[in-house]
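Visitor: Could you walk me through the open spaces in this protein and what sits in them? I'd like to start with the pockets.

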Amino acid sequence: MSTTTRILLFLCIFCCIPFSAFAKHSDAIEWLDANTEFFHQKILANLSPADGLPGAVIAARKVEHEPDYHYHWVRDAGITMIALNDRYQSLPDGHNKQQLRHAFFDYLDFSARIQNTNKLTDLGEPKFYVNGEAYFHPWGRPQNDGPALRAISLIHWANNLLAEGDEAIVRHRLYDAALPATLPIKKDLEYLSHHWREPSFDIWEEVQGTHFYTLMVIRRALLEGAILARRLDDQGAAEWYHSQAKQVELAIQSFWNEEKGYLTATINRVSGIDYKQSNLDSAVLLGLLHGGMDDGFLAWDNPKVIATLRKLRATFAALYPVNQDKTPGVAIGRYPEDRYGGNDFTGGNPWPLCTLAMAEASYAYAALLQRHQQPYASIIHQANSDVKRARHHAHPDGSMDEQIDRDSGEMKSARDLTWNYAALLTTHQRTLVFQQ
Ligand code: NOJ
Ligand code: NOJ
């Protein structure tokens, strides 16, 4: 036996096996396991509201005195449907699966409707009333991450239908080669592949410019779109989407800031808030998660990625008073200079969805280390502690609002933010590999 083999064997026997056993018995993972059905139901409660059209996804439950999130945000909806799609695949046949199937077709109809309705900007229009009408008041628009996330969610749904033998439905309702595009996926892909260089508003709807998050999700939409296009015999389009995705990839390299030592959120700022001096932002972490394809591009073990996540964690750990208590884990916010409190602008807070994103990234990194047969126990431990942190600030039944008050640790702002439950489901998905 060579020395390398011996070392590998040693690592497997003495590290991996006890590590996975350890992961399985963590409180954090057990809590996620025990609550997936609850998170799923929380999402369903925010789909197809009684006063709206089927397929509208409200961003949060409507509650007096809280900010009004009773709209269909294209971004939040896309993120939610991507998470539900993962769940759809793991559900056994039965009532829940049928219910999700209906939800997807409703979401598809609603998406097709808002693509075609009269609005101020093109497919980058960010938010709609639940009756499918566009919002005509001032807002940061366009937001070009929206159509990318919508495309990804619909591509995943198309892939499911193809796997179930429903190619006719896909060709009839989701993807057709016709130009100008007639069906939703192709519409978004045409829009993205022709407009990704243009400035748009960021994930937080505050800054107009070129954004890491937006380009990461556009890259994924174009690459996954190219695969679907090829599968449906639209060769020329497949090549075009793929070539544009490669250009997007090059553009993404410009976000590394050597001086700062991390991947920054925005370049070529045009307008919007001007006090984000650090340019350090959880949007980068979210871009790596939502745009990640496990294809080696900005992988979790990339030194630039590691440096950025480390910096985010250390910055928020020091910034928020709640992080000084004895609870494990670090509550993470949007960006250090944030001032948005939901109803006021008196200072930023940690957000459950950012805290869970940090946990999810650590599980993903641990999974990569496991595949490379390297030790990963400390990373899982960190992920578990961040899940516990999010849980610690949740309401007693596990439900979560948009923000965590940075001083008191109480839940704050929009109630039952749909995206939180999507983040809980995707975080849970990432733990499954340690439970096999
Ligand atoms: C509402 C946006 O959704 C939020 O992200 C932003 O901070 C505030 N408006 C202020 O622009
Ligand atoms: C504010 C967040 O900044 C934005 O990302 C989100 O889309 C909206 N709220 C709705 O949840």
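Guide: Helix H12 gives the most to the lining of the largest pocket, with 9 residues, and since everything here rests on a predicted model, please read the values as computed ones.

Visitor: Which other helices supply at least two residues of that lining?

Guide: Besides H12 (352–371), the helices that each supply at least two lining residues are H3 (74–90), H5 (145–163), H8 (212–231), H10 (282–290) and H14 (418–431).

Visitor: How much space lies in it, and which residues are closest to the centre?

Guide: The largest pocket holds about 960 Å³ of space, and of the 40 residues that line it, Arg220, Leu289, Gly292, Glu360 and Arg430 are the closest to its centre. By class, that lining divides into 21 nonpolar, 11 polar and 8 charged residues.

Visitor: OK, switching to the ligands. Where does ligand 1 sit?

Guide: Ligand 1 sits in the second largest pocket, and the space taken by ligand 2 is likewise the second largest pocket. That pocket has a volume of about 480 Å³ and is lined by 23 residues, with Tyr69, Trp139, Trp204, Glu205 and Tyr340 nearest its centre.

Visitor: Which polar atoms approach its oxygens?

Guide: A polar side-chain atom of Glu206 lies 2.5 Å from an oxygen atom of ligand 1, while a polar side-chain atom of Arg334 lies 2.8 Å from an oxygen atom of the ligand, and a polar backbone atom of Trp204 is 2.8 Å from an oxygen atom of ligand 1. On its own, ligand 1 has 290 Å² of accessible area, of which the protein covers 77%.

Visitor: What about the surroundings of ligand 2?

Guide: Ligand 2 is surrounded by 13 residues, and the closest are Arg75, Asp76, Ile203, Trp204 and Arg334; by class, this shell has 8 nonpolar and 5 charged residues and no polar ones.

Visitor: Which contacts with its oxygens come from side chains, and which from backbone?

Guide: From the side chains, an N or O atom of Asp76 is 2.6 Å from an oxygen atom of ligand 2, and one of Arg75 is 3.1 Å from an oxygen atom of the ligand. From the backbone, an N or O atom of Ile203 lies 2.8 Å from an oxygen atom of ligand 2. Taken alone, ligand 2 exposes 300 Å², and the protein buries 97% of that.

Visitor: Last topic: how many cavities turn up?

Guide: A search of the whole structure finds 3 cavities of 30 Å³ or more. The largest cavity has a volume of about 60 Å³, and strand E4 (207–211) and H8 each supply at least two residues of its lining, which divides into 3 nonpolar, 7 polar and 1 charged.

Visitor: What lines the second largest cavity?

Guide: The second largest cavity, with about 40 Å³ of space, is lined by Asp202, Ile203, His211, Phe212, Tyr213, Ala265, Thr266, Lys276, Asp281 and Ala283. Ile203 was named above for its backbone contact with ligand 2, and His211 is also one of the residues lining the largest cavity.

Conventions
Residues are numbered from 1 along each chain as its sequence is written. Chains are lettered from A and ligands numbered from 1 in the order in which they are written. This is a predicted model: local features need pLDDT of at least 70, side-chain atom pairs count only at pLDDT 80 or more; totals for chains, interfaces and linings use all residues. Side-chain values use heavy atoms; hydrogens and water are left out. A residue is near a molecule or strand if one of its heavy atoms lies within 4 Å of it. A polar contact is a pair of N or O atoms within 3.5 Å; within protein, one must be able to donate a hydrogen and the other to accept it, and residues adjacent in sequence count only if both atoms are side-chain atoms. Accessible areas come from the Shrake-Rupley method with a 1.4 Å probe; for residues, only the protein chains shown count as cover. On a 1 Å grid over the protein atoms alone, a cavity is a set of points where a 1.4 Å probe fits but cannot get out, and a pocket is an open set with protein on both sides within 12 Å along at least five of seven lines; lining residues have an atom within 4 Å of a point. A molecule sits in a cavity or pocket if more than half of its atoms lie within 2 Å of its grid points. Ala, Val, Leu, Ile, Met, Phe, Trp, Tyr, Cys and Pro count as nonpolar, Asp, Glu, Lys and Arg as charged, and the others, Gly among them, as polar. Grid points are joined across faces, edges and corners, and a volume is the space filled by probe spheres set on the points. Helices (H or I, at least four residues) and strands (E, at least two) are DSSP runs, numbered from the N terminus.
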